[in-house]
Amino acid sequence: MAGEGSGAGAEMDALIRRLRLHQAGPSPYDPAPAASPAADGELFRPRRAAVLVCLFRGAAGELRVILTKRSSTLSTHSGEVSLPGGKAEEGDADDAATALRESKEEIGLDPSLVTVVASLEHFLSKHLLVVVPVIGILSDIQAFIPVLNVAEVDEIFDVPLEMFLKDENRTSEEREKMGQTFTVHYFTYVKEDQKYLIWGLTARILIHAASVVYERSPDFPERRAHFNLPKYTKDCSSMLAGLAKH
């Protein structure tokens with residue numbers, strides 16, 4: 001048993017070293033600095049958010065990721081599955097600090113238990129938030145005692161990360177918005193008598209995270225959309241309306 005434990009620890013250490021070498025591509029959502037005030041109005045500066053892709057070894061040695069089910073009383077995305085995280089605040093040193101702070105607030109995850117190893121490419125939410133996924137490794141899952149913020153989170157659970165590369169328990173639909181056609185992926189996870197649906201931005205982030213961790217593409221075509229941010233604040237309303245359409 002000791003040999004098995006040391007072997008798993010060595011594998012996790014190797015994963016940490018490899019992911020620390022990961023370099024995300026340049027963000028398409030970082031606004032270019034303005035040399036002078038724009039004649040057509042105020043330049044749009046999107047708000048930033050970060051989510052924690054927190055990985056640990058399951059009982060069978062598989063990598064698992066921690067997810068939450070958002071409170072049914074929240075005004076946005078109520079009852080949906082999400083990664084722990086949220087909007088950046090002024091005191092946050094970086095994206096990792098945002099993800100860790102929010103995770104502590106939402107599920108009681110002590111930041112000292114998490115080894116941050118990589119930041120991934122940026123995603124744009126339908127609310128025009130620039131979302132940065134941060135991969136963290138939880139080496140000692142037994143040390144994590146969840147404390148849920150019931151105002152934000154109804155449940156916490158975990159799933160195998162690799163499921164987001166497989167074509168099992170997945171359905172999809174094609175959508176068109178603002179002249180782009182893309183695929184929305186829906187993953188179903190069943191645990192005892194509970195059934196969870198993971199879709200939308202959370203699913204897109206986890207497909208990408210799994211691709212980086214396992215160093216392979218998913219077994220299905222992703223077909224992602226790539227929307228450009230509005231240049232001026234006055235153009236936000238029309239873009240938000242376009243993204244909100246089903």
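User: Which residue is the bridge partner of Ala118 in E7?

Analyst: Ala118 has Ile135 as its bridge partner in E7. Before going further, note that this is a predicted model, in which local features need pLDDT of at least 70 and side-chain atom pairs count only at pLDDT 80 or more, whereas totals for chains, interfaces and linings use all residues. Residues are numbered from 1 along each chain as its sequence is written, while side-chain values use heavy atoms, with hydrogens and water left out.

User: How many helices and strands does the chain have?

Analyst: Helices (H or I, at least four residues) and strands (E, at least two) are DSSP runs, numbered from the N terminus. On that basis the chain has four helices and eleven strands.

User: Which strands pair with E7, and in what sense?

Analyst: Strands of a sheet pair through backbone hydrogen bonds, either parallel or antiparallel. Two strands count as paired if DSSP finds at least two bridges between them. Strand E1 (residues 48–57) runs parallel to E7 and is joined to it by eight bridges, with Leu55 standing opposite Ile137. Strand E5 (residues 114–119) pairs with E7 in the antiparallel sense over five bridges, and the antiparallel pairing of strand E6 (residues 123–124) with E7 rests on two bridges, where Leu124 faces Val130.

User: How many residues lie between E6 and E7 in the hairpin, and which residue in the turn has a positive phi?

Analyst: Five residues separate E6 from E7 in this hairpin, and Leu128 in the turn is the residue with a positive phi, about 65°. For Leu128 this is a positive value in a residue other than glycine.

User: Is Leu128 buried or exposed, and is Asn169 buried or exposed?

Analyst: Buried means under 20% relative accessible area and exposed over 50%, with partly exposed in between (1.4 Å probe, protein chains only). Leu128 has a relative accessible area of 4% and is buried, whereas Asn169, at 57% relative accessibility, counts as exposed. Taking the chain as a whole, 42% of its 246 residues count as buried.

User: How many residues of strand E7 are buried, and which of them point one way and which the other?

Analyst: Strand E7 (residues 130–138) is mostly covered, since nine of its nine residues are buried. Val130, Val132, Val134, Gly136 and Leu138 point one way from E7, while Val131, Pro133, Ile135 and Ile137 point the other way, and all are buried.

User: How many aromatic pairs does the structure hold, and which parts does the pair of Phe164 and Phe187 tie together?

Analyst: Rings of Phe, Tyr and Trp (its six-membered ring) pair if their centres lie within 6.5 Å; planes under 30 degrees apart count as stacked, over 60 as edge-to-face and the rest as tilted. The structure holds five such pairs, among them the edge-to-face pair of Phe164 and Phe187, at 5.0 Å centre to centre with 70° between the planes. Phe164 lies in the loop between strand E8 (153–160) and strand E9 (170–177), and Phe187 in strand E10 (residues 180–191), so the pair ties together parts that are 23 residues apart in sequence. Both Phe164 and Phe187 are buried. Phe182 and Phe227 also form an edge-to-face pair, at 6.2 Å centre to centre and 85° between the planes.

User: Which residue lies over the face of Phe220?

Analyst: A charge sits over a ring if NZ of Lys or CZ of Arg is within 6 Å of the ring centre and within 35 degrees of the ring normal. Here Arg170 lies over the face of Phe220, at 4.1 Å from the ring centre, and Phe220 is itself linked by ring pairs with Phe164 and Phe187 into a cluster.
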